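Hi there,

Here is the structure I promised to pass on to you. Have a look at it first, and then read on for what turned up when I went through it.

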Amino acid sequence: MAAPKKYPDELRERAVRLYRESDPKPVIRRLAEQLGVHHEALRNWIRQDQADHGERHDRPTSAETEELRRLRRENAELRRANEILKAASAFFAQEMDPIRKKW
């Protein structure tokens, strides 16, 4: 389960929109102080928004990150299922082995 978000999504969207629509671009630290958020949080939001809009290529987009999370969960589930099937296969192979049967 993911940790609860410290800042609401509306604040995040508003902060990024404010930064995008400003000309000249404000100093991130000062804008963050005005909005009451940590400057590194605002910087990360802006970077992620730029990646989502194809302006940055040094980090994955939100869609790519979500797909990666989904695939990792699916991979873990398949690994667990595979381990169960291996254990079941070994158990039934031992049960069916006529040499090892106890009379």
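Predicted model: local features only at pLDDT ≥ 70, side-chain atom pairs only at ≥ 80, totals over all residues.

Pro24 sits in the loop that runs between α1 and α2. The peptide bond that joins Asp23 to Pro24 is cis, with an omega of about 5°. Most peptide bonds, by contrast, are trans.

Helix α1 covers residues 9–21 and helix α2 covers residues 28–35. How are the two placed against each other? They pack at an angle of about 140°, and their axes are 11 Å apart. Because an angle has to be over 145 degrees to count as roughly antiparallel, α1 is classed as oblique to α2. The crossing of this pair is right-handed. On the α1 side the contact is made by Leu11, Arg14, Ala15, Leu18 and Tyr19, and on the α2 side by Ile28, Leu31 and Leu35. Sorted by class, that gives seven nonpolar residues, one charged residue and no polar ones.

Helix α3, residues 39–52, also packs on α1. Here the angle is about 75° and the axes are 10 Å apart, so α1 and α3 are roughly perpendicular to each other. From α1, the residues in the contact are Arg12, Ala15, Val16, Tyr19 and Arg20; from α3, they are Leu42, Trp45, Ile46, Gln48, Asp49 and Gln50. This contact between α1 and α3 has six nonpolar, two polar and three charged residues.

That leaves α2 against α3. Their axes are 8 Å apart, and the helices pack at an angle of about 110°, which makes α2 roughly perpendicular to α3. The crossing of α2 and α3 is right-handed. Ile28, Arg29, Leu31 and Ala32 of α2 meet His39, Leu42, Arg43 and Ile46 of α3. The classes for this contact of α2 with α3 are five nonpolar, one polar and two charged.

| Helices | Angle | Axes apart | Arrangement |
|---|---|---|---|
| α1 and α2 | about 140° | 11 Å | oblique |
| α1 and α3 | about 75° | 10 Å | roughly perpendicular |
| α2 and α3 | about 110° | 8 Å | roughly perpendicular |

Is Asp49 buried or exposed? With a relative accessible area of 17%, Asp49 is buried, since the cut-off for buried is under 20%. Leaving out neighbours within four places in sequence, the residues in contact with Asp49 are Val16 and Arg20. Arg17 belongs to helix α1 and counts as partly exposed, at 44% relative accessibility. Between the C-alpha atoms of Arg17 and Asp49 there are 9.5 Å, although the two are 32 residues apart along the chain.

Now to the aromatic side chains. How many aromatic pairs does the structure hold? There are two. A pair of aromatic rings is described by the distance of the centres and the angle of the planes. Tyr7 and Trp45 are edge-to-face, at 5.4 Å centre to centre and with 85° between the planes. Tyr7 lies in the segment before α1 and Trp45 lies in helix α3, so this pair ties together parts that are 38 residues apart in sequence. Tyr7 is buried, at 18% relative accessible area, and Trp45 is buried too, at 9%.

The other pair is Phe91 with Phe92, and it is edge-to-face as well: 5.2 Å centre to centre, 75° between the planes. Phe91 counts as partly exposed at 45% relative accessibility, while Phe92 is exposed, with a relative accessible area of 51%.

Last, a look at the loop between α2 and α3, where Gly36 is found. Gly36 counts as exposed, at 57% relative accessibility.

Best wishes

Key:
Residues numbered from 1 in each chain as written. Heavy atoms only, no water. Axes fitted to C-alpha atoms, helices over the stretch in contact; angles between N-to-C directions. Helix = DSSP H or I, 4+ residues; strand = E, 2+ residues; numbered from the N terminus. Parallel < 35°, antiparallel > 145°, perpendicular 65-115°, else oblique. Contact = heavy atoms within 4.5 Å. Nonpolar A, V, L, I, M, F, W, Y, C, P; charged D, E, K, R; others polar. Left-handed = near helix turned anticlockwise from the far one by under 90°. Phe/Tyr/Trp six-rings, centres within 6.5 Å; stacked < 30°, edge-to-face > 60°. Buried < 20%, exposed > 50% of the residue type's maximum accessible area, 1.4 Å probe, protein only.
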